[in-house]
Amino acid sequence: MSNRVVITGQGAICALGLSATTTLDAMLNGRCGIGALDFPDVDRLSVQIGAQIKGFDADARFTRSQQALYDPFTQYALIAAQEAVTQSGLTISDALALETGVVLGSAGGGLQTQDQNYKTVYEDGKNRVHPFVVPRLMMNAASSHVSMAQGAMGPCFTVSTACASSNHAMGQAFQMVRSGAAKVMLTGGSDSMLCFGGIKAWEGLRVLSPDGCRPFCATRNGMVQGEGAAIFVFENLDHATARGANILAEVAGFSMTSDAADIVVPNAQSAARAMAASVKDAGLNPEDIGFVNAHGTATSVNDKTEISALRLAFGAAANDMAVTSTKSMHGHMMGATGAVELLSCVAAVKDGVLAPTINHAEDDPECDLDIIANTSRETPVTAAISNAFAFGGLNAVLTLKRYK
């Protein structure tokens, strides 16, 4: 049994906007969400910039008792999920609830809660913490709360594979709907790691930029962290058409590979295998892919390795693919990043608008594909891929195509 899978709703919150609509508007207009970080002890950090969500009023969205139970990564997931379900027009009846599931990606889970309570115990010397610390910080908190809020009683779990978490999650959701294991899946990712401990750990790796995110640019000097969530409604096509849903795009293929080589250094051959297999899984040819949402972290090694992988995967056809990294605008959102970046793939295949890579100042000879520099581009696209590559040598690639 193989069902076609379509996207009927999308929701998001990140530094570019507090909804999918405002996030996409900022993304397609090349606006930057990166700025000065604002949280306790930021002055002790060497890197003090990030793509932090500003203007979000938790009091307006959640009661005090809910906030006591929800780490920010859970709050963001709940907001994005509600927007996605509302847009889809889906009514989760008692019968449909049994065939509706949730699978989200997260790299850090409730890291903000963990960071705050380490400080309480080890720095402030207190011997008691809030009784909800464990339910707030556990990795599956966001998935579980989304299932409760939406009444989804099918499969529910969290995937944690560092920066590929949400692509792995969406890949699993896609396969569940395609196989008939579920009729509807709420899927994507959420992370909120912008706190003192979260940034300090990344400073140790010496991969953070002190002045901005410039993927594929010769002057790039590292990544910039962000935070947020994006969630989609993946739905069985027959179910979606029967209820007259507005279909945004078709999820056509997915593949994942492992480098089995190094815990931090990427591998072009393994990334290429994931890209080629995802396109093959979609029943497409390399020439059908018009848009690539690259992993594009803006580190020297990652960007040139990804370009090499595109050439290995697609040969001469790679020259005709428009490539972008929207991390230049919303930062690297860790386990949520693939989900937010999928918004650009939906816009590409649905509306033919390709999001840019901003801050591009100088071409890099080792990144010599068609980078969409600084301003968006309008051109019809039949199919697009979204790459996510994680520490640990994990590669996960989704293929979307225009619904027809």
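Two strands pair if DSSP finds at least two bridges between them. By that criterion, strand 9 and strand 14 are partners in this predicted model, running parallel and joined by four bridges.

**Overall dimensions**

The protein contains 15 helices and 15 strands. Its radius of gyration is 20 Å, close to the 22 Å that the globule rule gives for 404 residues, so the protein is as compact as a globular protein of that length. Taken along the principal axes, the box filled by the C-alpha atoms is roughly 60 × 55 × 40 Å. Of the 404 residues, 60% are buried. The accessible surface comes to about 15300 Å², and carbon and sulfur atoms account for 51% of that area. Among contacts between residues at least 6 apart in sequence, 78% join residues at least 24 apart.

Eleven strands make up an open sheet with mixed pairing, in the order 5-4-6-7-1-8-15-14-9-10-12. Its edges are strand 5 (156–159) and strand 12 (370–371); each has a single partner strand, so one side of each is left without a neighbour in the sheet.

Several of the pairings are listed below.

| Strand pair | Sense | Bridges |
|---|---|---|
| Strand 1 and strand 7 | antiparallel | nine bridges |
| Strand 6 and strand 7 | antiparallel | eight bridges |
| Strand 4 and strand 6 | parallel | six bridges |
| Strand 9 and strand 14 | parallel | four bridges |
| Strand 9 and strand 10 | parallel | three bridges |

Strand 1 covers residues 5–14 and strand 7 covers residues 228–236; between them, V5 has N236 as its bridge partner. Strand 7 also supplies A230, which stands opposite G189. The bridge partner of V102 in strand 6 is L186.

Strand 6 is mostly covered, with eight of its eight residues buried. In a regular strand the side chains alternate between the two faces of the sheet. In strand 6 both faces are covered: V184, L186, G188 and S190 lie on one side, M185, T187, G189 and D191 lie on the other, and all are buried.

Strand 9 is also mostly covered, four of its five residues being buried. V292 takes part in two of its pairings: this residue stands opposite I385 in strand 14 and opposite V323 in strand 10.

**Helices across the sheet**

Helix 8 (residues 141–150) lies across strand 4 (100–105), strand 5, strand 6 (184–191) and strand 7. The helix runs at about 150 degrees to strand 4. Helix 13 (residues 300–314) lies across strand 9 (289–293), strand 10 (322–324), strand 12 and strand 14 (383–390), and its angle to strand 14 is about 130 degrees.

N302 belongs to helix 13. Buried means under 20% relative accessible area, so N302, at 9%, counts as buried. Leaving aside residues up to four places away in sequence, N302 touches P266, H295, G296 and T297.

In soluble globular proteins, nonpolar side chains tend to be buried together. Here the largest nonpolar core has 76 residues, and those with the most contacts inside it are I7, F232, F234 and L342. Helix 15 (residues 337–351) provides the largest share of this core, nine residues. A second, separate core has 29 residues, including M275, A294, I307 and C367.

What does L342 touch, not counting residues up to four places away in sequence? Its contacts are I7, M170, F232, F234, S386, L398 and L400.

**A loop residue**

D41 is found in the loop between strand 2 (35–36) and strand 3 (49–50). With a relative accessible area of 26%, D41 is partly exposed. Beyond residues up to four places away in sequence, D41 touches K119 and F196. D41 and C195 are 154 residues apart along the chain, while their C-alpha atoms are separated by 8.7 Å.

Methods
Residues numbered from 1 in each chain as written. Predicted model: local features only at pLDDT ≥ 70, side-chain atom pairs only at ≥ 80, totals over all residues. Heavy atoms only, no water. Core = buried A, V, L, I, M, F, W, Y, C linked by side-chain atoms within 4.5 Å. Buried < 20%, exposed > 50% of the residue type's maximum accessible area, 1.4 Å probe, protein only. Contact = heavy atoms within 4.5 Å. Axes fitted to C-alpha atoms, helices over the stretch in contact; angles between N-to-C directions. Rg over C-alpha atoms; globule rule 2.2 N^0.38 Å. Areas by Shrake-Rupley, 256 points an atom, 1.4 Å probe, with all protein chains shown as cover.
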